[in-house]
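Here is a short note to read with the model open. Take the points in order and find each residue as you go.

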Amino acid sequence: MNIPSELRYSTDHEWVRVDGDIVTIGITEYAQDALGDVVFVEMPEPGAAVAVGATFSEVESTKSVSDIYAPVTGSISAVNDALDSQPELLNSDPYGEGWICRITMTDPSELDALMDAEAYRALTEGSS
Amino acid sequence: MTLKRSPLDGQHRALGATMVEFGGWEMPIAYPTGTIEEHLACRNRAVMFDVSHLGTVRVESADAFDTLQATLTNDLGKVGPGRAQYTHLLDANDASVVDDIIVWWHADGVFDVMPNASNTTGVRSAIGGTDTTSSRAVIAVQGPDAKALVSTVFAAAGAVGRFRVESCDWHGAPCTVAGTGYTGEAGIEIAVPADAAASLWSALLDAGVPPAGLGARDTLRLEAALPLHGHELGAGITSLQAGLGWVIAWDKPSFVGRDAALAERERGVSRRLMGIATEGRRPARAGCAVSIDGVAVGEVTSGNFSPVLGHGIALAFLPPQTAIGADVVVDVRGKPLPGVVVETPFVRH
């Protein structure tokens with residue numbers, strides 16, 4: 001299972017890449033594998049405010065729907081428009097071309113609640 | 001409850017399949033190829049499914065024909081030994097479809113009745129017979145090239161025609177092969193003795209038939225608008241409501257549920273299963289409400305993304321007078337998803 005060491009992780013199987021006060025988020029390889037083939041990603045509106053722990057997007061696969069939760073509080077600064085026509089990028093490249101959106105954080109201390117790669121690996125191995 | 005495992009369980013795990021619970025069985029939902037690729041491989045070429053979770057009830061006696069003919073809705077008299085027939089078992093009181101079944105008629109007085117996994121016990125109590133499910137695996141090979149590819153390793157099986165049933169020998173293992181399936185494609189289903197299943201599976205893999213999971217089987221049957229028990233058929237749902245009146249032989253003197261079915265035919269159905277093409281890729285799901293002109297009039301029974309069409313498709317119960325072409329709105333967890341009522345099957349092959 002690929003769990004890049006430079007990212008941070010939530011218990012909802014999302015990853016976060018931190019760049020200053022902007023975070024890029026997506027779902028982990030573990031999450032895409034559990035979901036199966038992704039057929040639709042509901043994108044948040046650019047500029048929309050999001051609160052930590054609140055759902056702001058949905059990922060639909062051939063077998064189920066999964067909510068995406070905001071790992072930090074802030075506003076949506078960018079969305080990955082490529083997912084409109086190629087939602088399968090979440091399966092083929094979850095940490096790269098399959099990123100979902102970027103959030104400008106208002107409280108970077110919220111990042112402390114996220115896991116590092118080692119802790120996330122322990123979580124996935126404990127539940128598999 | 002311990003989940004049952006297919007004789008091919010080890011093959012699925014070795015191939016890296018994702019296993020899920022289905023009707024009391026642990027079965028592959030997808031292989032690493034993924035549901036959509038498996039779906040398209042079936043439409044374009046051929047795939048094989050392990051459908052060992054389907055029940056097999058062997059009914060074998062001098063009066064087997066009479067028992068089945070007096071119980072099930074379709075007219076076995078229209079077919080004969082060596083043929084398969086799709087039929088329903090109804091509830092005696094309200095004509096609900098207790099199960100939808102394929103009957104494989106082997107020879108005089110010998111039938112394999114194939115219920116859905118979770119209905120095997122109920123069907124056996126209606127028709128008797130012996131549950132032989134655990135003695136065999138069933139491999140469904142489906143797709144436009146299915147029979148040609150099977151023929152390269154198992155010539156007798158590849159030659160079995162549509163809705164025909166034949167006994168074929170796989171290196172000494174007696175198989176039953178039927179020209180049936182659940183994808184809307186040509187193909188066959190092979191009941192192979194459990195201890196010979198792995199060798200047949202491997203031979204088919206080597207012949208270039210990739211495996212597909214139950215996820216693809218579901219999206220394929222939905223494109224073909226084939227009913228799934230528990231969704232389009234089941235308690236409170238009749239054959240007529242599901243648009244399957246042809247499965248009932250109205251002129252047969254008796255079958256279970258005949259009076260209730262006739263009464264419904266007389267008064268007319270209150271709802272009817274119809275197809276909806278939805279906008280964009282977001283799938284409608286079972287249980288979503290369907291509205292016409294702002295009024296909730298029905299409910300989705302199955303919905304998903306159609307890999308062939310590239311948009312969402314759904315089956316739904318709607319008022320019987322609803323016209324093809326009617327605009328509808330599906331409520332997907334509070335979000336309106338526009339759609340239009342269309343002819344089924346959604347994908348015709």
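This is a predicted model: local features need pLDDT of at least 70, side-chain atom pairs count only at pLDDT 80 or more; totals for chains, interfaces and linings use all residues.

1. Start where chain B meets chain A. Each chain brings residues to the contact: 15 from chain B and 15 from chain A. The area buried between the two chains is about 1,200 Å². Carbon and sulfur atoms give 44% of that area. On the side of chain B, look for three arginines: R281(B), R282(B) and R285(B). They lose the most area to chain A, and together they make up 42% of what that side buries.

2. One salt bridge to look at joins R333(B) and E60(A). Their closest N and O atoms are 2.6 Å apart.

3. **Which elements of chain B take part.** Two elements give two or more residues to the side of chain B that touches chain A: α2 (35-44) and β16. Of the elements, α2(B) gives the most, with three residues.

4. **A nonpolar patch.** Now turn to the surface of chain B. L40(B), V308(B) and L309(B) form a nonpolar patch there. Together they have about 200 Å² of accessible area. V308(B) sits in a loop of chain B, between β16 (295-305) and β17 (312-318). Is V308(B) buried, partly exposed or exposed? V308(B) counts as partly exposed, because its relative accessibility is 37%. The range for that label runs between 20% and 50%.

5. **A buried glutamate.** E189(B) belongs to strand β13 of chain B, residues 187-193. E189(B) is buried because its relative accessible area is 8%, and the label needs a value under 20%. Which residues does E189(B) touch, leaving out those up to four places away in sequence? Among them are V51(B), W104(B), V138(B), T180(B) and R217(B). With T180(B) there is also a polar contact, side chain to side chain, at 2.5 Å.

6. **Linking the last two points.**

Definitions and conventions: Residues are numbered from 1 along each chain as its sequence is written. Chains are lettered from A and ligands numbered from 1 in the order in which they are written. Side-chain values use heavy atoms; hydrogens and water are left out. Patches are made of residues with over 30% relative accessible area and no salt bridge: like charges are joined within 9 Å, nonpolar side chains (Val, Leu, Ile, Met, Phe, Trp, Tyr) within 5 Å. Accessible areas come from the Shrake-Rupley method with a 1.4 Å probe; for residues, only the protein chains shown count as cover. A salt bridge is a side-chain nitrogen of Lys or Arg within 4 Å of a carboxyl oxygen of Asp or Glu. Helices (H or I, at least four residues) and strands (E, at least two) are DSSP runs, numbered from the N terminus. Buried means under 20% relative accessible area, exposed over 50%, partly exposed in between (1.4 Å probe, protein chains only). Contact means heavy atoms within 4.5 Å. A polar contact is a pair of N or O atoms within 3.5 Å; within protein, one must be able to donate a hydrogen and the other to accept it, and residues adjacent in sequence count only if both atoms are side-chain atoms. Buried area is the accessible area (1.4 Å probe) that two parts lose on being put together, summed over both.
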